[in-house]
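Biologist: I'd like to learn how to read a model like this one, feature by feature. Could you walk me through it?

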Amino acid sequence: MQAEPSIASVQPGLVRRSVRRLVGRELIEREECIAEEVAVALVYNEQPHAVMMLTPLDLEAFALGFSLSEGIIENADELLEVRVVPLEQGLQLAMRIAPRRLERLLARPRSLEGRSGCGVCGTRHIGDVLRAPRHASAGFVVDAVALRRALQQLSEMQSLNAMTGAVHAAAWATPEGDLRWLCEDVGRHNALDKLIGRLAREGVPAAHGFVVLTSRASFEMVLKSASAGIPLVVAISAPTSLAVEVADEAGITLVGFARDDRFTVYTRPARVSVPAVAVATNGEGS
């Protein structure tokens, strides 16, 4: 009987597995790094809330960012304790919040697991999903050069994705386009929650910079950004219609298809300063 391919932990967030790769007519046996995905149970004051699928890195930052972006707490000080508890089939984030916050949380429970590609799975009521976004402050402007500088640094800082090709990243950049913080995860929502948590934990004013995402811009990503007061969201892929609506309502500038030397501004274009260019019509440039 043939033995199963080996799988072993390399470092947090990665596992190594023996694989066979066919290249043309050549069969290559090798070991590859694979992004780790585990079930993480979120528990507040001993009350189960949700089970999320994520990469087991920056778990304390995820706990804080998730709690903030989901409106469970309003500031970092309200997350009183976070403990990472190993389980037989995953991990538990045992958190403690003030009793008044727990009462509000229990009034809108989640009943399903949160998959790595799902930011609102298990939410029972539409009103809990489509909650009114926080409005971004005015006065923040970046130029196109800064936006492109941030995009150029993005791939260089994605160490986990460079090894696996399987994770998303969310990064925070200064108005000059310098990336200061980056988080990776198999789930795009998780990566953004980790980033929001790290910014809050370090006392970084999120409103003084912008976010760059390696994914599409769905409404949940915009809503989470709005919860942190982020005025500009840049995604390398397309936005959804609801993301555009939420961004406009929240006063957020939403940029999509940000790749190489091109990008599309969908809302609040005054925040992105561009050089004088010829105006194109019907998608045709001169």
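Biologist: Let's start with a helix. Which are the buried residues of helix 7?

Modeller: Keep in mind that this is a predicted model. The buried residues of helix 7 are Phe219, Glu220, Met221, Val222, Leu223, Lys224, Ser225 and Ala226.

Biologist: Now the aromatics. How many aromatic pairs are there, and how do I read one?

Modeller: The general idea comes first: you describe a pair of aromatic rings by how far apart the centres are and by the angle of the planes. Here the count comes to 1 aromatic pair. The rings of phenylalanine 62 and phenylalanine 66 have centres 5.7 Å apart and planes at 35°, so this pair is tilted. For the reasoning you need the cut-offs: centres within 6.5 Å make a pair, planes under 30 degrees apart would be stacked, and planes over 60 would be edge-to-face.

Biologist: Where do phenylalanine 62 and phenylalanine 66 lie, and are they buried or exposed?

Modeller: Both sit in helix 1, residues 59-69, and they are 4 residues apart, about one turn of the helix. Phenylalanine 62 and phenylalanine 66 are both buried.

Biologist: Next, the record. Which residues does the UniProt annotation "binding site" cover?

Modeller: According to that unreviewed UniProt entry, the annotation covers Phe257, Ala258, Arg259, Asp260, Asp261 and Arg262. To read such a stretch, place its residues on the secondary structure and then check their accessibility. Aspartate 260 is in the loop between strand 14 (253-259) and strand 15 (262-265), while arginine 262 lies in strand 15.

Biologist: Why does aspartate 260 count as exposed, and why is arginine 262 partly exposed?

Modeller: Exposed means over 50% relative accessible area, and buried means under 20%. Aspartate 260 has 71%, so it is exposed. Arginine 262 has 47%, which falls in between, so it counts as partly exposed.

Biologist: Finally, the whole chain. What does its secondary structure come to, and what share of the residues is buried?

Modeller: The protein chain has 8 helices and 16 strands, and 48% of its 286 residues are buried. The chain exposes about 14500 Å², with carbon and sulfur atoms supplying 50% of that area. As for contacts with a separation of 6 or more, 51% come from residues 24 or more positions apart.

Terms used
Residues numbered from 1 in each chain as written. Predicted model: local features only at pLDDT ≥ 70, side-chain atom pairs only at ≥ 80, totals over all residues. Heavy atoms only, no water. Phe/Tyr/Trp six-rings, centres within 6.5 Å; stacked < 30°, edge-to-face > 60°. Helix = DSSP H or I, 4+ residues; strand = E, 2+ residues; numbered from the N terminus. Buried < 20%, exposed > 50% of the residue type's maximum accessible area, 1.4 Å probe, protein only. UniProt positions renumbered as here; feature names shortened; annotations may be inferred. Contact = heavy atoms within 4.5 Å. Areas by Shrake-Rupley, 256 points an atom, 1.4 Å probe, with all protein chains shown as cover.
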